Amino acid sequence: MKQINKVQARKLYEAGKPFIIVPANMRPDSQFAVHMKPGWMWRNFNNFYNEFCYYNCNNSEVGRYPRFYVED
């Protein structure tokens with residue numbers, strides 16, 4: 001897996017391409033990872049990002065911000 005930044009993840013999201021979003025302290029192959037797949041994009045990226053952070057990145061154990069990955 002290759003880590004990407006938020007700008008690259010936004011481009012993938014808007015193009016409907018797959019990527020993985022996960023809280024910063026969790027592994028991308030953990031149960032906390034969300035595998036975004038084509039057809040799952042239902043809102044704009046900002047709404048998706050804010051909701052993911054609010055519900056999943058809310059303490060220091062899992063991390064306070066997300067990381068993005070793509071599979072090689």
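Predicted model: local features only at pLDDT ≥ 70, side-chain atom pairs only at ≥ 80, totals over all residues.
1. Sheet order. Four strands form an open sheet. The order is S1-S4-S2-S3, and the pairing is antiparallel. The edges are taken by strand S1 (2-4) and strand S3 (34-36). Each edge strand has a single partner, so one side of each lacks a neighbour in the sheet. On average, neighbouring strands are turned by 35° against each other, direction ignored.

2. Sheet strands pair through backbone hydrogen bonds, in either a parallel or an antiparallel sense.

3. S1 with S4. Three bridges link S1 and S4, in the antiparallel sense.

4. S4 with S2. Four bridges hold the pairing of S2 and S4, again antiparallel. For Ile21, the bridge partner in S4 is Phe68.

5. S2 with S3. Strand S2 (residues 19-23) runs antiparallel to S3, and three bridges join the two. Ile20 has His35 as its bridge partner in S3.

6. Burial of S4. How much of S4 is buried? Four of its five residues are, so S4 is largely enclosed by the rest of the structure.

7. Burial of S2. S2 is mostly covered, with five of its five residues buried. In a regular strand, side chains alternate between the two faces of the sheet. Which residues of S2 lie on each side? Phe19, Ile21 and Pro23 are on one side, Ile20 and Val22 on the other. All of these are buried, and both faces of S2 are covered.

8. Helices on the sheet. Helix H1 (residues 6-15) lies across S1, S2, S3 and S4. H1 runs at about 95° to S1. H2 lies across S2, S3 and S4, and its angle to S2 is about 35°.

9. Helix against helix. A packed helix pair is described by the angle between the axes and the distance between them. For H1 and H2, the axes come within 10 Å and cross at roughly 120°. The two helices are therefore oblique to each other. Their crossing is right-handed.

10. The H1-H2 contact. Which residues of H1 meet H2? H1 brings Lys6, Ala9, Arg10 and Tyr13, and H2 brings Phe45, Asn46, Phe48 and Tyr49. By class, the residues of this contact divide into five nonpolar, one polar and two charged.

11. Gly63. This residue sits in the loop between helix H2 (45-56) and strand S4 (66-70). Is Gly63 buried or exposed? Its relative accessible area is 4%; Gly63 counts as buried because that value is under 20%. Leaving aside neighbours within four places in sequence, Gly63 is in contact with Ala24, Asn25, Asn56, Cys57 and Asn58.

12. A distance to check. Gly63 and Lys17 are 46 residues apart along the chain. Their C-alpha atoms are separated by 25 Å.

Notes: Residues numbered from 1 in each chain as written. Heavy atoms only, no water. Buried < 20%, exposed > 50% of the residue type's maximum accessible area, 1.4 Å probe, protein only. Contact = heavy atoms within 4.5 Å. Pairing = 2+ DSSP bridges. Axes fitted to C-alpha atoms, helices over the stretch in contact; angles between N-to-C directions. Parallel < 35°, antiparallel > 145°, perpendicular 65-115°, else oblique. Left-handed = near helix turned anticlockwise from the far one by under 90°. Nonpolar A, V, L, I, M, F, W, Y, C, P; charged D, E, K, R; others polar.
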